[in-house]
Amino acid sequence: MNGLLTNISQLAICPAAGRPGDIGLVTGAALAWNQGRIVWAGPTESMPAQVRGWPAEDAQGALVVPGLIDCHTHLAFAGWRADEFDRRCRGATYQEIAASGGGIMSTVRRTRAASETELHARARGFLESMTDLGITTVECKSGYGLTTEDELKLLRVYRRLREEGPQTVVSTFLGAHVVPPEFQSRRAEYVRLVSEEMVPRLASEQLATFCDVFVEDGAFTPDEARQIFAAAGRHGLRPKLHADQLTDSDGAALAAEVGAVSADHLECVRDAGLAAMAGGGVVAVILPLASTYLQTRPLEARRCFQAGVPVAVATDFNPGTAPSYHLPLALMLACTASRMTPAEALQGATIQAARALGLAEEVGSLESGKRADFVLLDAESVEHWISHFRPNAVRAVFVGGRRIR
Ligand code: NIG
Ligand code: FE
């Protein structure tokens with residue numbers, strides 16, 4: 001089936017070859033697709049003859065951007081941790097909350113007790129709300145199970161969401177989120193369980209594309225991460241990292257060393273870490289909602305650009321340290337807190353987020369051959385959309401050329 005969208009006031013193509021801020025903006029544009037793929041995007045006056053007669057829809061002067069990509073979420077979990085929000089407002093730190101049995105382990109206890117059906121229903125609801133906001137691709141991490149069966153349970157929820165569609169759902173195994181209390185005096189055994197039991201099991205069921213490790217004081221050391229990534233690599237899983245969030249733990253350099261597709265958080269990264277990432281082609285994923293909720297200093301995106309590191313922006317949606325799936329809010333905060341321009345932030349949630357998922361050939365820009373995932377927004381410009389923060393500026397959402405909202 002082919003289709004045509006006309007009367008677009010501003011079209012942001014977000015080309016893969018664009019430098020920071022180059023979103024390939026076209027004023028007075030149209031967009032054509034066939035069999036779910038973009039065939040042409042550009043100024044209305046240069047529309048090719050072959051697409052002119054195709055069934056057309058009037059965008060009524062909307063701003064059109066590629067379908068948004070949330071490249072870092074912890075989508076499936078049970079319960080919330082609003083009590084911790086309150087404690088942090090009173091001055092408690094991440095480490096204090098974790099030491100008192102809160103934080104990640106509190107969600108692990110509730111998630112272990114929840115059934116796959118319950119977790120699926122809840123995650124499905126979040127995904128629907130994310131679609132309303134224009135998000136057409138979502139990365140989802142496990143990491144609230146921390147036993148083989150509970151990690152598989154979370155990854156099966158994601159497989160079901162992927163099969164149901166219409167969004168693209170990418171799964172990441174995060175069995176190395178924290179060492180669960182039952183292994184506290186036997187860390188090496190837990191690392192072995194992750195590497196030698198969980199990874200082979202989930203790989204045999206093709207349940208994940210990426211393997212993530214939280215490298216941090218109180219989570220996993222670089223050496224433990226190396227061991228886990230080596231096992232993951234043998235089973236075809238590509239590395240990703242939670243790196244340098246609360247302390248500088250050499251996570252950025254490790255990301256480059258192990259050939260990670262992205263290093264995420266990076267609030268405490270040093271310039272040497274960014275230089276290593278540039279050399280290794282690692283994408284920096286900044287998570288401005290997490291630093292806002294944790295009341296910690298965000299990473300300055302300009303440091304990444306100066307080092308030659310591409311920057312993606314994601315929500316880190318989770319029940320404790322980032323209880324929001326509002327990617328447009330994260331984009332606004334990426335500008336105000338991490339000093340990105342709105343155009344750079346848009347690249348961060350489209351083409352750079354696609355890179356952070358190894359999907360830059362498939363989604364993230366409105367270039368010919370890519371999937372026809374795009375969003376119609378009620379805004380005069382990209383700057384207007386991101387700065388004028390509203391509950392929802394979306395007028396319509398298309399996935400594979402089909403309208404889903
Ligand atoms: O990305 N940093 C570690 N993991 C998550 C937190 C998840 C949680 O607190 O439940 C993060 O911020
Ligand atoms: Fe995270």
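In this predicted model, the sulfur of Cys140 lies 12 Å from the closest cysteine sulfur, that of Cys71, which is too far for a bond. A disulfide would need the two sulfur atoms within 2.5 Å. Cys140 is buried, because its relative accessibility is 0%. Cys211 takes part in no disulfide either, and its nearest cysteine sulfur, in Cys140, is 16 Å away. Cys211 also counts as buried, at a relative accessible area of 1%. The structure as a whole holds 0 disulfides.

**Aromatic pairs**

The count of aromatic pairs comes to 15.

| Pair | Centre to centre | Angle between planes | Arrangement |
|---|---|---|---|
| Phe77 and Phe126 | 5.5 Å | 25 degrees | stacked |
| Phe126 and Phe317 | 5.0 Å | 85 degrees | edge-to-face |

Phe77 and Phe126 count as stacked because their planes stand at 25 degrees, and planes under 30 degrees apart fall in that class. This pair links distant parts of the chain: Phe77 sits in the loop between strand E6 (68-70) and helix H1 (82-89), while Phe126 belongs to helix H4 (residues 116-132), 49 residues apart. Phe77 and Phe126 are both buried.

The pair of Phe126 with Phe317 ties together parts that are 191 residues apart in sequence, because Phe126 lies in helix H4 and Phe317 in the loop between strand E13 (311-313) and helix H12 (327-336). Phe317 is buried, as is Phe126. Ring pairs join these residues into a cluster made up of Phe77, Trp80, Phe126, Tyr144, Phe317 and Tyr325.

**Charges over rings**

Two further rings have a charged side chain over the face. Arg187 is placed over Phe220, at 5.9 Å from the ring centre. Lys240 is placed over the face of Phe210, at 5.2 Å from the ring centre.

**The iron site**

The iron ion (ligand 2) is coordinated at 2.1 to 2.3 Å by NE2 of His72, NE2 of His74, NE2 of His242 and OD of Asp316. The spacing of these donor residues along the sequence is H-x1-H-x167-H-x73-D. Within this set, His72 and Asp316 link distant parts of the chain, being 244 residues apart. His72 is in the loop between E6 and H1, and Asp316 is in the loop between E13 and H12. Both His72 and Asp316 are buried.

Notes: Residues are numbered from 1 along each chain as its sequence is written. Chains are lettered from A and ligands numbered from 1 in the order in which they are written. This is a predicted model: local features need pLDDT of at least 70, side-chain atom pairs count only at pLDDT 80 or more; totals for chains, interfaces and linings use all residues. Side-chain values use heavy atoms; hydrogens and water are left out. Buried means under 20% relative accessible area, exposed over 50%, partly exposed in between (1.4 Å probe, protein chains only). Rings of Phe, Tyr and Trp (its six-membered ring) pair if their centres lie within 6.5 Å; planes under 30 degrees apart count as stacked, over 60 as edge-to-face and the rest as tilted. Helices (H or I, at least four residues) and strands (E, at least two) are DSSP runs, numbered from the N terminus. A charge sits over a ring if NZ of Lys or CZ of Arg is within 6 Å of the ring centre and within 35 degrees of the ring normal. Donors are N, O and S atoms within 2.8 Å of the metal (3.2 Å for Na, K and Ca); water is not among the atoms, so sites may look incomplete.
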